[in-house]
Each structure stands twice: as C-alpha cells, then as structure tokens.
Amino acid sequence: MSAAHTRDPGATDLPPLPQATLPLWDVVPARARHYFHHDPDRAAYTTRRYEFGSSLELLPLVRAFLNTCAAHRDADYRYLFTLLGSALVNNALRHSRSGRPHGRYTLTCRRRSSGLHLTCADQGDASGRTTPAGQAHPLAPDPRGLTPGAEHGRGLAIVDALATEWGDNGIAELRQVWFFLAYDLTDSRWGQAA
C-alpha cells in the first residue's frame, strides 16, 4: 500500500452534519446589522466592508448588503448596483477558492461624491494558479458573454457593459475585482435601447 493511501487506524469517518435552517439575520453580528437595512435616511457612510462565507444560501444576504449600500439612490440605480455586485460575487464563488467549503470573500463599498465603488476580494484562483512577481494578468470579459444563449462568460461581460468603469488587480492568488457605477450612470449601457 502506498503512503498516499495509508489511513490512520484510529481515525473514524464523521457523519455529515445535518442541515439547519436559520434566519439570515442570526448570522449577522449586531454591530453590522445596519449594513443590511434598506434605510435611505441612515447617516452617510464612506466605506462598508463585510466578509461572506461560501454558502450559496447567503446570496440573499449579499443582495441585501448591496441594496443597502445604494439605499440612498433610486430604484434603477439600486437594481443595477445589486446586479453588478452579484455578478462579481458569482464569479468569486465559481472561479476562486472562495467558493469551496469554508471559503470567504469580502465586499468593500466606497461611497464617493459621484458614485459607488465596489471591490470583491476573493481567496485566489481555484486551480491554484499564481501570478509571477512583478507581472499582472488582468481579467477580460468574454466577447460572446452577452450573446443570446451564452452559457458562460456573462458576469464580466455584464459588468463591462453596465458599469461606468471596472478592473482588477491582475493577481490570480488574491484577486480583487472592482467596478465604479456613477450616480448618473455615465458610460453605462443601462437604459439604452437594445
């Protein structure tokens, strides 16, 4: 028997933990609950940061965070900001180690006078790929991502088309993808006739 297949004779397999349904509110610490209230009358903020786990069941909480970051804007802006932020999160969960069990990713929203800037920091490329020192390999949207019937590549294509600006740090082992959405939707194809 090879060393790779040896097993500790004292080890036992643990049964999987049962599923439990909890209100999402119960997983948010009291000090951060205002990040998830859609209250446009709350005092202005400059930065909001929250770390999320890899569970897909947390996506409603992600959308609540994004919607609350844009609570001071109209419904169209809130919808678009939440859509773009969700695209970044979906990419982090699908393409990085953040989507694995016990994975994490952080959303940071910075409020500027002309719009909102959102960064999604993940735990690095799922394949373990690294970026050589002194080099950067930025992401590029799939040019076919917005074509009807596209089965992949939609996330960054949507961000590219609808955000005012976007980019990333070009580092595979700790990717930070960001977008800026101007309050007046400058340079966004949102609302344009198809």
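The chain of this predicted model contains 3 helices and 5 strands, taken as DSSP runs numbered from the N terminus (H or I and at least four residues for helices, E and at least two for strands). Read from the N terminus, the order of elements is β-α-α-β-β-α-β-β. Residues are numbered from 1 along each chain as its sequence is written, and side-chain values rest on heavy atoms, with hydrogens and water left out. Because the model is predicted, local features require pLDDT of at least 70 and side-chain atom pairs pLDDT 80 or more, whereas totals for chains, interfaces and linings use all residues.

The C-alpha trace spans about 65 × 40 × 35 Å along its principal axes. Of the 194 residues, 39% are buried (under 20% relative accessible area; exposed is over 50%, partly exposed in between; 1.4 Å probe, protein chains only). The chain exposes about 11900 Å², 53% of which is supplied by carbon and sulfur atoms (Shrake-Rupley method, 1.4 Å probe; for residues, only the protein chains shown count as cover). Among contacts (heavy atoms within 4.5 Å) between residues at least 6 apart in sequence, 65% join residues at least 24 apart.

The count of disulfides, defined as pairs of cysteine sulfur atoms within 2.5 Å, is 0. The sulfur of cysteine 109 lies 3.9 Å from its closest cysteine sulfur, that of cysteine 69, which is too far for a bond. Cysteine 120 is likewise in no disulfide, the nearest cysteine sulfur being that of cysteine 109 at 13 Å. Cysteine 109 is buried at a relative accessible area of 0%, and cysteine 120 is buried at 3%.
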